[in-house]
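Welcome, and please open your viewer. We will take a short walk, one selection at a time.

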Amino acid sequence: MSNPQVKVNSNQLVRFGEGKQYMITTMGCQMNEHDSEVMAAVIENLGYRPTSNPENADLIILNTCAVRKKPEDKVASLLGKFYALKEKNEDLVIAVGGCMTQQKTSARYIKNRFRQVDLVFGTHALPRLPDLLDQARRSKITIVDIEEDYADREGLPVAPRSTFHAWVPIIYGCNNFCSYCIVPYVRGRERSRSFNDITEQVRNLAKDGYREVTLLGQNVNSYGHDLPGSVTFADLLSELNQVEGLFRIRFMTSHPKDLSPKLIEAVQQGDKICEHFHLPAQAGSNQILNKMNRRYTREQYLQLIKNIKTAIPGVSITSDIIVGFPGETEEQFLETADLLEKVRFDSAFSFIYSPRHGTRAAKLEDDITYAEKEKRLQYLNKIQQRISKEENDKMVNQIYEVLVEGPSKNDPELQTGRTRNNKLVHFKGPDNLIGRLTNVRISEARTWNLFGEMEGAVN
Ligand code: 5AD
Ligand code: SF4
């Protein structure tokens, strides 16, 4: 039943969350993490306070991922758990958003299969969230908003989870249509944020004490192509490098086909711009790269790596790899394994190909067994783990500047920091170092992280 006293629209917010608590569970990539931080701020403006205990929550939001099947399967099991909570708190509002629900078929599936879900919303609905939540808490039926209207997100608040690091989206969406990928369908076409909006946001973050920003986009290198004038990602980086108070600038993800010499130069020259590229190769075989619609060859990729490594000493390069793409032969797979050996990534995330409904690759015939794909994944992981350890070994006995993130998750006696080239370092140190820079001499290298001792003063 509707409550006539509560009238909510974007201009006139009623704080119907006063005295109530919310919890957001986030799946997937950094863009989703950031979207959750926006949702959190929007919800807190309605009066809700955060809780990490679902039993206490009056509002639970599940921010979903659609990039592979596994995270989609997890949604069903999580929703099952949240359901049980409705028995104890009948006013509990359950909302499901993100990339999975932006797809019509998935939105319909959630609505029909999980009838106690109050709200299903897509990636474009963020600016309408207060109105949607208000409708959802008062409605007996599930409210659905999966409009693909590219509503303007500028000016929405954000509540960063960290006190020293912030995600800063610079371009939304993707135009690349890699044949396996659902992202262009659920995040829409590329939209660059304005140069001024980004620089102003980063300046404000630095003023508020944030020391590190990570610029986000599915393909940061194409930043600016849709803006008036001829502004590029390299220009944006160079401008942000001037922001006072900021220590470090990171960015991800880079598409190999668009990585310009100007960008390499900007990273080489900008003292705040960290020497790390996440540059997904996806495969090492030209036939597979072609079928994936990646629009570069193995040779071009290797040349690009050479250019980056020559220009920027100490740079780290990380990658994503897909194994078992439809029709991938043993020989083609071994070309990917050989690419890992040739490039020597600092780390690489390898995934088994997961067919995504509506993509071009989902229509291709796939005659490789899942067991074979798993074998290929393990084979790659073994190679990469050896290489990661060998690359980390090279850092032993050298001194690196780290930005401290706080106590180590596994050992609260230790502090954890990150080097400029994005390696995690654990070391003994006082616990008031969060967000500060210190030098650490590396004493031990492992596959995923490093250990060391603090050396010299703290900044
Ligand atoms: N199957 C497996 N992995 C995928 N990725 C994207 N789509 C798929 C898919 N259908 C991987 C790519 C991408 C990373 C974010 O997820 O490697 O870089
Ligand atoms: Fe997906 Fe390719 Fe776009 Fe990355 S560049 S989001 S893999 S379509």
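Begin with ligand 2: the shell of residues around ligand 2 is made up of 7 nonpolar, 3 polar and 1 charged. Keep in mind as you look that this is a predicted model.

Now show the side chains of that shell. You will find Cys 174, Asn 176, Phe 177, Cys 178, Tyr 180, Cys 181, Val 183, Pro 184, Gln 218, His 255 and Arg 294 around ligand 2.

Next, select ligand 1. Its surroundings include Val 67, Arg 68, Asp 320, Ile 322 and Phe 351, and Tyr 180 is also among them. Zoom in on Tyr 180, where a backbone N or O atom lies 3.0 Å from a nitrogen atom of ligand 1. Then move to Ser 354: a backbone N or O atom of this residue is 2.8 Å from a nitrogen atom of ligand 1. Which kind of atom of Gln 282 lies 2.7 Å from an oxygen atom of ligand 1? For Gln 282, look for a polar side-chain atom.

For the last stop, select residues 195–207, helix H7, together with residues 233–240, helix H8. Their axes are 10 Å apart and meet at an angle of about 30 degrees. Angles under 35 degrees count as roughly parallel, so H7 and H8 are roughly parallel to each other. Their crossing is right-handed. To see the contact, show Phe 195, Ile 198, Thr 199, Val 202 and Arg 203 on H7, then Asp 235, Leu 236, Glu 239 and Leu 240 on H8. Colouring these contact residues by type gives 5 nonpolar, 1 polar and 3 charged.

Conventions
Residues are numbered from 1 along each chain as its sequence is written. Chains are lettered from A and ligands numbered from 1 in the order in which they are written. This is a predicted model: local features need pLDDT of at least 70, side-chain atom pairs count only at pLDDT 80 or more; totals for chains, interfaces and linings use all residues. Side-chain values use heavy atoms; hydrogens and water are left out. Axes are lines fitted to C-alpha atoms, for helices over the stretch in contact, and angles run from 0 to 180 degrees between N-to-C directions. Helices (H or I, at least four residues) and strands (E, at least two) are DSSP runs, numbered from the N terminus. Angles under 35 degrees count as roughly parallel, over 145 as roughly antiparallel, 65 to 115 as roughly perpendicular and the rest as oblique. A crossing is left-handed if the near helix is turned anticlockwise from the far one by less than a right angle, and right-handed if clockwise. Contact means heavy atoms within 4.5 Å. Ala, Val, Leu, Ile, Met, Phe, Trp, Tyr, Cys and Pro count as nonpolar, Asp, Glu, Lys and Arg as charged, and the others, Gly among them, as polar. A residue is near a molecule or strand if one of its heavy atoms lies within 4 Å of it. A polar contact is a pair of N or O atoms within 3.5 Å; within protein, one must be able to donate a hydrogen and the other to accept it, and residues adjacent in sequence count only if both atoms are side-chain atoms.
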